[in-house]
Amino acid sequence: SSGINAEYGVEKGVLTTEKQNFVVFDMTTHPLLDQTQKQMVIKKIQDTLLSRWVNDPQRIDKRALALVYLAHASEVLEHAFASLSDEDYDLAMKRVRELLDLDPDQEAAKDGADELMWAVVASFFK
């Protein structure tokens, strides 16, 4: 499935395809063509957890919230927070922990909740 996603990224001009030698075998990789897109995603994650934090997951932009959960599940949050000050890093991680500690079933049951998003969150973290 990651191959399909990489192919989509290549088609959209975000990624390129190249072969890299990893000691014993060659492997196809898909490096970014333009770091701007990556920086925009990192900034969106940082802003969601810092300057745009609303302390209510129902009011957080759904795409931004999904990005936070996806970045955590992909184990890339450390990289997304690398440019932060120690204080902002600690605050962002505290807020990530708050989001991870939520019960997706309870969140899905709230008025106006995006049940599908919370079902996906539950599948990643239960």
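This is a predicted model: local features need pLDDT of at least 70, side-chain atom pairs count only at pLDDT 80 or more; totals for chains, interfaces and linings use all residues.
1. Core. The largest nonpolar core contains 23 residues. L49, F81, L99 and W118 have the most contacts inside it. Two or more residues each come from α2 (35-49), α3 (62-73), α4 (77-80), α5 (86-100) and α7 (115-125).

2. W118. Leaving out residues up to four places away in sequence, W118 touches P57, Q58, L65, Y69, L102, P104, E107, A108 and A113. L65 and Y69 also take part in the contact between α3 and α7, on the α3 side. W118 itself is one of the α7 residues in that contact.

3. α3 against α7. The two helices pack at about 10 degrees, and their axes are 11 Å apart. Angles under 35 degrees count as roughly parallel, so α3 and α7 fall into that class. From α3, the contact uses K62, L65, Y69, H72 and A73. From α7, it uses M117, W118, V121, F124 and F125.

4. α3 against α5. Here the axes come within 11 Å and cross at roughly 95 degrees. α3 is therefore roughly perpendicular to α5. L65, V68, Y69 and H72 of α3 meet V96, L99 and L100 of α5. L99 is also among the core residues with the most contacts.

5. R95. This residue sits in helix α5. R95 is buried but has no salt bridge. Which side chain of opposite charge is nearest to R95? It is E98, 5.6 Å away. A salt bridge needs a nitrogen-to-oxygen distance within 4 Å. Beyond four places in sequence, R95 touches L49, L50 and W53. Of these, L49 is named among the core residues with the most contacts.

Conventions:
Residues are numbered from 1 along each chain as its sequence is written. Side-chain values use heavy atoms; hydrogens and water are left out. A nonpolar core is a set of buried Ala, Val, Leu, Ile, Met, Phe, Trp, Tyr and Cys residues joined through side-chain atoms within 4.5 Å. Buried means under 20% relative accessible area, exposed over 50%, partly exposed in between (1.4 Å probe, protein chains only). Helices (H or I, at least four residues) and strands (E, at least two) are DSSP runs, numbered from the N terminus. Contact means heavy atoms within 4.5 Å. Lys and Arg count as positive and Asp and Glu as negative; His and the chain ends are not counted. Axes are lines fitted to C-alpha atoms, for helices over the stretch in contact, and angles run from 0 to 180 degrees between N-to-C directions. Angles under 35 degrees count as roughly parallel, over 145 as roughly antiparallel, 65 to 115 as roughly perpendicular and the rest as oblique.
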